[in-house]
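Work through these exercises with the sequence and the model side by side. Each task is followed by its solution.

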Amino acid sequence: MAQGISSKPELPVIALLPNAVTLAAICAGLTAIRFGFQGDYERAVLLILLAGFLDAVDGRLARLLRAESKTGAELDSLADFLNFGVAAPLLLYLFALSDIRSAGWIAVLFFAICCVIRLARFNVQNKSDISDGDHRYFVGVPAPAGALLALLPMFVSFLVSDAPMFPPEVAAIWLVVVGMAMISRVPTYSFKMMTISRANVPFFLLGAMLLLAALLTYVWATLVVLDLLYIAGVFWAWRHVNTKE
């Protein structure tokens, strides 16, 4: 969640940094669309990943600087819709769905609508302080995770060959399935609420560094594995919650 301008007559310049990060994420998403139209799909996807990283940073930066505001929250939500609800499915359309034209575009519209509903539901819950079960879980797949799942056909294609690996119909169905997962009531792990024992901190940091090294070295293979692990985590969370009930 990024920062907005307060009512004070003067504002420290550093307090604007979270907003600047959010705007940088918007620029990354828009530029990803540009590269998609130019056929530079790998660079476009990398910009979506950058937008996701900046989305994760801006809220933490705002809290660290004590620079949170309603304006920043709205700006962050708009950035999420642009980057994850518009840019991501549009890239998949340009890459794999344009051959089926109308059907592919309907899948894109379906995903975008699901994403905006997901974001609206999340915003309403935050503003009204609605308690929705165990805070260790989100309700439905979050928008950034949904975008990464939606791009899975592209990750696999980049990993295996330059040509789309999936038939357009399969990619369209996958996009619809991910959209439905975003607006579903399926529990998904909230990494913000996850805790770790102090004894395991060194191992956690080592794993994080190894993951970063893998992303820098074998980006598409690592993203495919992360998507598959996330899907497995959704099923695990659903099973765990249903077992407790």
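## Cysteines and core

C115 is buried, at a relative accessible area of 0% (buried means under 20%, with a 1.4 Å probe and protein chains only). The model is predicted: local features need pLDDT of at least 70, side-chain atom pairs count only at pLDDT 80 or more, and totals for chains, interfaces and linings use all residues. Residues are numbered from 1 along each chain as its sequence is written, and side-chain values use heavy atoms, without hydrogens and water.

**Exercise 1.** Find which residues touch the most other members of the largest nonpolar core.

Step 1. Such a core is a set of buried Ala, Val, Leu, Ile, Met, Phe, Trp, Tyr and Cys residues joined through side-chain atoms within 4.5 Å.
Step 2. The core has 54 residues; V45, L97, M154, F155 and L175 touch the most other members.
Step 3. Helix 3 (70-97) gives the most to this core, with 11 residues. Helices are DSSP runs of H or I, at least four residues, numbered from the N terminus.

**Exercise 2.** List the contacts of F155, leaving aside neighbours within four places in sequence.

Step 1. Contact means heavy atoms within 4.5 Å.
Step 2. F155 contacts V45, L148, W220, L223, V224 and D227.

Technical notes
Buried means under 20% relative accessible area, exposed over 50%, partly exposed in between (1.4 Å probe, protein chains only). Helices (H or I, at least four residues) and strands (E, at least two) are DSSP runs, numbered from the N terminus.
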